[in-house]
Amino acid sequence: MPKSVLIVGGGLSGTIVANGLCRQLAEEMRTGAVAVTMIGTSETHMYQPGLLYIPFGRMREQELFRDQRRVLDRRVNFFVDPAATIDVETKQVTTESGRVFTYDYLVLATGSRIMPQTIPGMTEAGHWFYDLEGARKLRDALNAFQGGRIVVNVNAPHKCPVAPLEVTFMLYDFLKARGLWDKTELTYTYPIGRLHALEPVAHWAQPEFDRIGVKYETFFNTESVDPATKVIKSMEGSEIAFDLLITIPPHAGAPVIEASNLGKGGWVPTNSRTLRREGSDNVFVVGDTTNIPISKAGSTAHFEADVLIDNLVSLIQEGRWARDYDGKVFCFVETGLGAGTYVWFNYTTPPNPGPPSQMIHWFKLAYNRLYWLSARGLL
Ligand SMILES: Cc1cc2nc3c(=O)[nH]c(=O)nc-3n(C[C@H](O)[C@H](O)[C@H](O)COP(=O)(O)OP(=O)(O)OC[C@H]3O[C@@H](n4cnc5c(N)ncnc54)[C@H](O)[C@@H]3O)c2cc1C
């Protein structure tokens, strides 16, 4: 029997892990000693970070999508058949169609999803860019906007921690170019007592907001939105009126995680260095679905995936551990429609955003295209 690696989730991290294993275990796969299988939800792979550009007309929808089978190495056995239950005791994953998969090593890569429905009134009154439909609606709303009050409302937990800052800076440039900034009042709300979870990023963002004239309210934990009066309320008791509400909705993990008793809210308790599910030797967790208290970002998912590939290959070939994950994250940050900066950090080094430049913005735009090489494991 071949050693089988089963990957649940065909998004960013699952795809990188699958392709990396095929490359590094080529000989074992050729001789039939190892098999790599992926269970996904869709034939299509979406580049989620591109959603940020859709409302501003800076990326076309088609650029976000590729056929998943073409992104995956041909040696991956790929099934579009979502996992319904995961039993780590019997080492079995049962899919929605009733197929049963067994494994020697399991990789959980089921990501996270937005939950606007958990805030009363948010689905009716809010706009967002965290899925394609939301990004399209926001594009239409921005094209129709003629001035007024915009609220950028951030809820936790959410993936891509810098995206709320990016969209705020991009809105400024977008509205300024249309001659609408002087007719706009833009307020940014954040649930804790500063503008960003990462303290150095908050310290960097605040003077930038002051400089361009973005208002902000911290300790704003959203309680409800009234679609009729267009007012958003916080649990702390404040109310802000809006003409356009752009929200970063709270997130949850995939339903299958909670349904399988693998983690409250869909977040799997994970060792922050080995990426093993707590209590399992042969179950690994990668990307947004971990409960590790670091940024839920594609970059995090990618660096975790690289570590996981090395460890799985090492365990299969030599029966030993290769290396631990050090918490590395690297994120480009758009600071407008023509400039950007970046942050990198790990468990011991805090982020330190540098001065924005056009060059870094171009790097981010270039990465948006290079992503497809990165997902194939070529970058
Ligand atoms: C608007 C936006 C902007 C972003 N910008 C950036 C950025 O600039 N930089 C950055 O680093 N990150 C960014 N991100 C975050 C990044 O896209 C995610 O953190 C990353 O995709 C996480 O990878 P993942 O593999 O954990 O999850 P995903 O890529 O979401 O993949 C999870 C996959 O699992 C599948 N799945 C779920 N349930 C099941 C099931 N039961 N069975 C099988 N499959 C299942 C899902 O359908 C999905 O395909 C952004 C995200 C958004 C939405």
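**Close-up views of a predicted model**

View 1. Cys 22 is buried, its relative accessible area being 0%. In this predicted model, the number of disulfides in the structure is zero. Cys 331 accordingly takes part in no disulfide, and the cysteine sulfur nearest to it, that of Cys 160, lies 5.7 Å away, whereas a disulfide would call for two cysteine sulfur atoms within 2.5 Å. Cys 331 is also buried, with a relative accessible area of 9%.

**View 2. A salt bridge between two loops, Asp 81 to Arg 99.** The structure holds 15 salt bridges, and one of them joins Asp 81 to Arg 99, with the closest N and O atoms 2.9 Å apart. This pair links distant parts of the chain, 18 residues apart, since Asp 81 sits in the loop between strand 5 (77-80) and strand 6 (83-87), while Arg 99 sits in the loop between strand 7 (92-95) and strand 8 (100-102). Asp 81 is buried at a relative accessible area of 5%, whereas Arg 99, at 39%, is partly exposed.

**View 3. A salt bridge from a strand to a loop, Arg 149 to Asp 243.** Arg 149 and Asp 243 form a salt bridge in which the closest N and O atoms are 3.3 Å apart. Arg 149 belongs to strand 11 (residues 148-154) and Asp 243 to the loop between strand 16 (239-241) and strand 17 (244-248), so the pair ties together parts that are 94 residues apart in sequence. Arg 149 counts as partly exposed, with 35% relative accessibility, and Asp 243 is partly exposed with a relative accessible area of 34%.

View 4. The side chains of Lys 364 and Glu 166 meet in a salt bridge with an N to O distance of 2.8 Å. Because Lys 364 lies in helix 10 and Glu 166 in helix 6 (residues 163-177), the pair ties together parts that are 198 residues apart in sequence. Lys 364 is buried, with a relative accessible area of 10%, and Glu 166 is buried, with a relative accessible area of 1%.

**View 5. A nonpolar surface patch of leucines.** Leu 370, Leu 373, Leu 378 and Leu 379 make a nonpolar surface patch of about 370 Å². Among them, Leu 373 lies in helix 10 (residues 358-375), and its relative accessibility of 35% makes Leu 373 count as partly exposed.

Technical notes. Residues are numbered from 1 along each chain as its sequence is written. This is a predicted model: local features need pLDDT of at least 70, side-chain atom pairs count only at pLDDT 80 or more; totals for chains, interfaces and linings use all residues. Side-chain values use heavy atoms; hydrogens and water are left out. Buried means under 20% relative accessible area, exposed over 50%, partly exposed in between (1.4 Å probe, protein chains only). Patches are made of residues with over 30% relative accessible area and no salt bridge: like charges are joined within 9 Å, nonpolar side chains (Val, Leu, Ile, Met, Phe, Trp, Tyr) within 5 Å. Accessible areas come from the Shrake-Rupley method with a 1.4 Å probe; for residues, only the protein chains shown count as cover. A salt bridge is a side-chain nitrogen of Lys or Arg within 4 Å of a carboxyl oxygen of Asp or Glu. Helices (H or I, at least four residues) and strands (E, at least two) are DSSP runs, numbered from the N terminus.
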